[in-house]
Amino acid sequence: MSDRGYPDAVADEFPPPPTAFTDREDRKVEIRPYEGDDAAREALVEMYDDFDPADRAQGIPPGGEERIREWLGAVLGDDCYNVIAWCGDEAAGHATLVPDGDAYELAIFVHQEYQRAGIGTHLIRGLLGHGQANGVAKVWLTVERWNRAAVSLYKKIGFETSDAESFELEMGLRLRADEAAAEGAGGSAGEADGDE
């Protein structure tokens, strides 16, 4: 068990992928779960190899093809949940949930050519829907406190700040009720009223 804080309230239901939308630049984008195929992995390698170093945070994504492949080998593992934003056959963004004790750590990346077009919002909502559909109960992330766009997005999604004592904010979100709490309240785990 970690000592991270999570909101008491369970988040609304998020739409599980696949989902499709038109971004603010009038591009058709589809959010799909990563299902282990080589073509998707190679599209991610290409996206990350062309990733602007200024958009890297906390050392990820790594630079250089070999290090990218090694990192993707970890985050695309069977115990992780991943979604990719596709614009045609090009990966425009990627989000992952990586297991960490009784919760999952979230990381999201949108290629610089696709930023500020609404893709990040759809990508994170798709990832959280994918997590909910697979029984993920709690999600946390860290974000540099000066990254106001990201902090605003996470708050809009429903994340709450749980630790703000360093240059990074730690934020948490509850996707499902804890088994013990749900049983004690007479409900079943995972019940939540959705607005979707």
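Close-up 1. Arg116 sits in the loop that runs between strand 5 and helix 3. Helices (H or I, at least four residues) and strands (E, at least two) are DSSP runs, numbered from the N terminus. This is a predicted model, in which local features need pLDDT of at least 70, side-chain atom pairs count only at pLDDT 80 or more, and totals for chains, interfaces and linings use all residues. Residues are numbered from 1 along each chain as its sequence is written, and side-chain values use heavy atoms, with hydrogens and water left out. Arg116 is not a glycine, yet its phi is positive, near 60°. Because its relative accessibility is 69%, Arg116 counts as exposed (exposed is over 50% relative accessible area, buried under 20% and partly exposed in between, with a 1.4 Å probe and protein chains only).

**Close-up 2. Asp26 in another loop.** Look between strand 1 and strand 2 (28-33) to find Asp26 in the loop there. Asp26 has a positive phi of about 65° and is not a glycine. With 63% relative accessibility, Asp26 counts as exposed. For background, most residues other than glycine have a negative phi, and most peptide bonds are trans.

**Close-up 3. Two cis peptide bonds.** Pro17 and Pro18 are joined by a cis peptide bond with omega of about 10°, and Pro18 belongs to the segment before strand 1 (19-22). Another cis bond links Ile60 to Pro61, with omega about -5°. Pro61 is part of the loop between helix 1 and helix 2.

**Close-up 4. Helix 1 meets helix 2.** The axes of helix 1 (residues 38-49) and helix 2 (residues 65-75) come within 10 Å and cross at roughly 130°. Axes here are lines fitted to C-alpha atoms, for helices over the stretch in contact, and angles run from 0 to 180 degrees between N-to-C directions. Contacts (heavy atoms within 4.5 Å) bring residues of helix 1, including Leu44, Val45 and Tyr48, to residues of helix 2, among them Ile68, Trp71 and Leu72. The buried residues of helix 1 are Ala40, Ala43, Leu44, Val45, Met47 and Tyr48. Their cover includes helix 2, strand 3 (81-87), strand 4 (90-100) and strand 5 (103-110).

**Close-up 5. Helix 3, mostly covered.** Twelve of the 15 residues of helix 3 are buried, including Ile119, Leu123, Leu127 and His130. After helix 3 comes Gly135, with a positive phi near 85°.
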